[in-house]
Amino acid sequence: MSPVLELREVTRRYSQADGSELTVLDSVSLTIQPGETVSVAGRSGSGKSTLLHVAAGIEVPSEGTVRLGAKELAGLSDPERSRLRGRFVGLVFQFFHLVPYLTVRENVLLPARIARVREVPGDGGDPREVGATADRLLAAVGLEGRAREPARRLSGGEMQRTAIARALLLRPALLLADEPTGNLDARGAGAVADLLFRLVRERSAGLLLATHDPELAARADTRLRLRGGRLFPAERPLASGAR
Amino acid sequence: MIRLLLRAAPARFRAAPALGLLPVLAIALGAGAVLSVQLLNRAALETLDASLEVISAGADLVVTGLVEEAGSVPDEAWPAVLAAPGVRRAAPVIRLAGLRVGTLDREASVPGWGVDLVSGSFDFAGAEGGEGTLAPEAFFSGGIVLPQRVADRLGVDPLDPVWIGLDGAGPASRRPTLVAGTYPGEDGRASAFLDLAYAQALRGRPGLDRIEVSVAERSDVEPTRRALSTRIPGVRMEESGTLRAEGAELFAAFRLNLLALSAVSLLVAAFLVYASVRAALAARRQEIGLYRALGASRRRVGVLLLGEVLLMALAGAALGIPVGALAAGASLDRVSATISNLYLLERIEGLTIAPQVVLLAALVAAVAALAGAAPQVFAETSRAPVTLLAPGRAALSPARRRFWRLGPPVAGTALIGAAVWAALDPESWPALAGSGFGAAGALLIGAALLPDAVIRLAARFRAGQNSAVGRGVLAAVREPGSTGPPAAALVVAVAMLVGVSSLIGSFRATLDAWLGETLAADVYVSRAGGAGGARSIASERRSLSAEVLEITAADPDVRERDLLRALRIRLEGRPVAVLGVDAALPAAGDRFSILGNREAALRGFGNGELLVSEPLARRLGLEAGDALPLPAAAADRPLRIAGVYRDYGNEQGALFLDRTLMNSLYPPEPGTPAPVHGAALYLREGADRAAAVTRLERTLGMSANVVDNAALRSRALNVFDQTMAVTGLLRVFALVIAALGVGLFLWTLVRERAPEVALNRALGANRRQVAGGFLGRTMVIVGISLLIGGGAGAVLTLLLVHVVNPVWFGWTLTLHWPLGVLAAQGAAVVLAGLLAGVLPARLASRVDATALRQEI
């Protein structure tokens, strides 16, 4: 089985105002297999979000290669990268990022609208109408009763559940979650984490989770820590997922 | 704190240059529109002043003729005035309209006067700081005194040879003379002076245009006026200054029209300021919250923010001054043509940029900018600091949300309701001066308040979300706040475009129909040099020679001739053309488009009664059956009005009477035949009109203009088009400002919504899709603007045609929608809107998904 994500010797540097360069990721290598969950912990500013952006093809690495499934991102144009991201990757953010004037259901359907797809693979691989899938996902996250409400009326936890449903709509092979519980209280955080891991496992998707919450990080199969731009195993010198 | 804000201003500008620059540009265009119109209005007034100017310093009274013809004050009146008790000085003056001065290779047009140097105290020689020069012997021998700028343009000095002549009189009538002196003169108003006798000789007829009288004591003015009235019959006595006041009133309506059009540009600019301030304040909400949290009062923060807007307005005004001056310069010829066509004045010579006009434009721009910014500044500063400091978009309290949701559409509907009332029922609308313009202003403001509400109604829109444009449309209708302000600016521009274009279309169609109805003769003959037509003849007062009359009478194809005599009188202080035609002519009735009982009117006209033009009837409140006393040389003889006819050729008013009656009321100078200024020729059945015109042209040579019916009609329509062309520039101004507004607003929206754009990018949208979304928003703005602006424009058209036009110009127009023009303008609005949306859409497409680090 080929990995859903493969980073090889990825370095990401930013030019600074004084002309110097800041290295945020330094020769990072990481592989995620289908159904594998990986958490990356680290302090604020350690480069967790950058790692996720690079993995999603949102940012281009200064050095190294990124492979999403069978495709290497370096060879793709911007529209091709955008298309691949839309179909292959699901994104969950700390600040939820729902579109406030759209309803909850419309927010969930947004990736399908952008990708112009009307059907998505169901659990058995059979095509399912995207609207029905959105409704099933909303039921799965417990928001079926609020589907027609504008997203701005939801609580933080509800917003994040909506965001998770949105991330999973097109049945992505890889889910990237950036501090998914960072903006929630403890109870809400627990519920969202349960939901996230359950749905990812049900769909056999890979999960790369950036968090500084040790409890959340501990639920992943592989736990890594990002420090000084390099990845280290969270408890052992070398994690199974890091090379 | 002020220092802090000022210090931060450059950094803010660097961070968002367009946010600062575009409103400044909008204010510049608004101020430029106002300034250009003010400059043109002043230039027109100065031209008027130049022709009505009392040129003898210290004159208290002006004696003019009852009939406004050149030389209508007899020469004998001058000694009579001098002999009257209380008269200290009496200066005879004649005006040389269309004086041209030239050398072998250059020539210039300059207002000219014939004066008696001894009897008046003219200030051209030395009175302006002793800089003038005068060679009296040259002056008294027929030399000309020139303003320095004209002398410079011709490259002549005192005692240099030049030629002088009158416009339209041809090179043969030029005569050589010397430059008798030069004087500094004011720009744009400087005149040339000739000795009275030589001026009369140049004009080719005796008589004075006026006598400027200084009385011994200021308190003697009224007794002196009474004494002069008794001693000199057949003249009019006015206090110095009255002529100019009357003149200014002459085209007040025209000036007001231009001013109203420029005010529309300013209104659009104010909406733009509103939009930009709204966007700027949204970006700085947390900063404002911080100031408030740190103890700054609402008032203090509000004053500081308005201070920033004021600075922006002043920068805009500074930029608008050259824009206005350039626009005025570019429009000068058009306005000049309008003034000449409508008001029978001379052409405007040049522009003078007076400091007070510049200050006025700056002041108006500042007021418009502050008015545009104040609502948003008030809204932001009245929020609680905790609300302002909260991340994300601040929510309004339910009460305030209700107010902002319902207030504007309710107010807008009320304003539009008032305007609709005025448009549909002009009779019961209060006929106050300016109430028509007031209703038009209310309509535009009311329409601008509606987009939010209309967009809310469209918020149920769900279709088309699969396309990027469709999602942009959805975003636009779901968020009225992101669509309403630019739509409001565009609504005003669209309404103005529709209203003004439809008014002009209606006017043109009415004029065309009227010309078709009233140009009954086949061929028209007038004196060479004139544009032809009764109006032109009345202004130029050139009569046809006996030879021309004989030739036209002898032409084999001419069945009948309708001879026209024209002169101008003053009624209630305004010039009125008196036109004498052959009332008994069988085809006489075809010349008039009569309002009301046509048969009775024409019967009365045939029996020595008057036909008065509609503008004159409205101005003086006249109707069929009334008696109108005509100021005549013999006596003020009241004549009965037989009817009112439509006249779209002259705003000031005209009246027709039988030419024989006219000759008895205004007899020609003894020993000379009554002048004939034009001849309308009716050709025999089956005669070849083109051949007749060619034959007459060949026979008459340069001594007369010969035009056929169709050519005269097309000439009149050309004059109309030329007259209305000036409004085109102002319409373009309003559209450009509104398009700038749309662009600015979308640009700020890109900044505001960068995280939302980034989310779309993160979810897989490519750059084209993002750009498409913004174009979708633009389409909604343009669509809403066309919808509301088109409706408001239709009401505005009714207002302009049925309320403003009759009150201010006295014309009844037939409503005509110029569908082709409106369609073209609609396309221009769509194009301008989409062009305005292209740059923001490109900017949006460059937003990276990394912008997701911010909150939506």
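**Close-up views of a predicted model**

**View 1. The crossing of α3(A) and α5(A) is right-handed.** In this predicted model, helix α3 of chain A covers residues 104-115 and helix α5 of chain A covers residues 156-168. Their axes lie 7 Å apart and form an angle of about 30 degrees. From α3(A), the residues A:Val104, A:Asn107, A:Val108, A:Leu110 and A:Pro111 take part in the contact. Their partners in α5(A) are A:Thr162, A:Ala165 and A:Arg166. By type, the residues of this contact are five nonpolar, two polar and one charged.

**View 2. A:Leu102 sits in the loop between β6 (89-92) and α3 of chain A.** This residue counts as buried because 21 other C-beta atoms lie within 10 Å, and the cut-off for a buried residue is 20 or more. Leaving aside residues up to four places away in sequence, A:Leu102 touches A:Asn107 and A:Ala151. A:Asn107 also belongs to the contact of α3(A) with α5(A). A:Arg148 is 46 residues from A:Leu102 along the chain, and the C-alpha atoms of the two are separated by 9.0 Å.

**View 3. Chain B and chain A meet in a contact with 24 residues from chain B and 25 residues from chain A.** On the side of chain B, the elements that give two or more residues are α17 (468-478), α26 (754-762) and α27 (767-809). The largest share of that side comes from α26(B), with six residues. The residues that chain B brings to the contact with chain A divide into nine nonpolar, seven polar and eight charged.

How values were computed:
Residues are numbered from 1 along each chain as its sequence is written. Chains are lettered from A and ligands numbered from 1 in the order in which they are written. This is a predicted model: local features need pLDDT of at least 70, side-chain atom pairs count only at pLDDT 80 or more; totals for chains, interfaces and linings use all residues. Axes are lines fitted to C-alpha atoms, for helices over the stretch in contact, and angles run from 0 to 180 degrees between N-to-C directions. Helices (H or I, at least four residues) and strands (E, at least two) are DSSP runs, numbered from the N terminus. A crossing is left-handed if the near helix is turned anticlockwise from the far one by less than a right angle, and right-handed if clockwise. Two residues are in contact if their C-beta atoms, placed from the backbone, lie within 7 Å. Ala, Val, Leu, Ile, Met, Phe, Trp, Tyr, Cys and Pro count as nonpolar, Asp, Glu, Lys and Arg as charged, and the others, Gly among them, as polar. A residue is buried if 20 or more other C-beta atoms lie within 10 Å of its own, exposed if 12 or fewer, and partly exposed in between; C-beta atoms are placed from the backbone.
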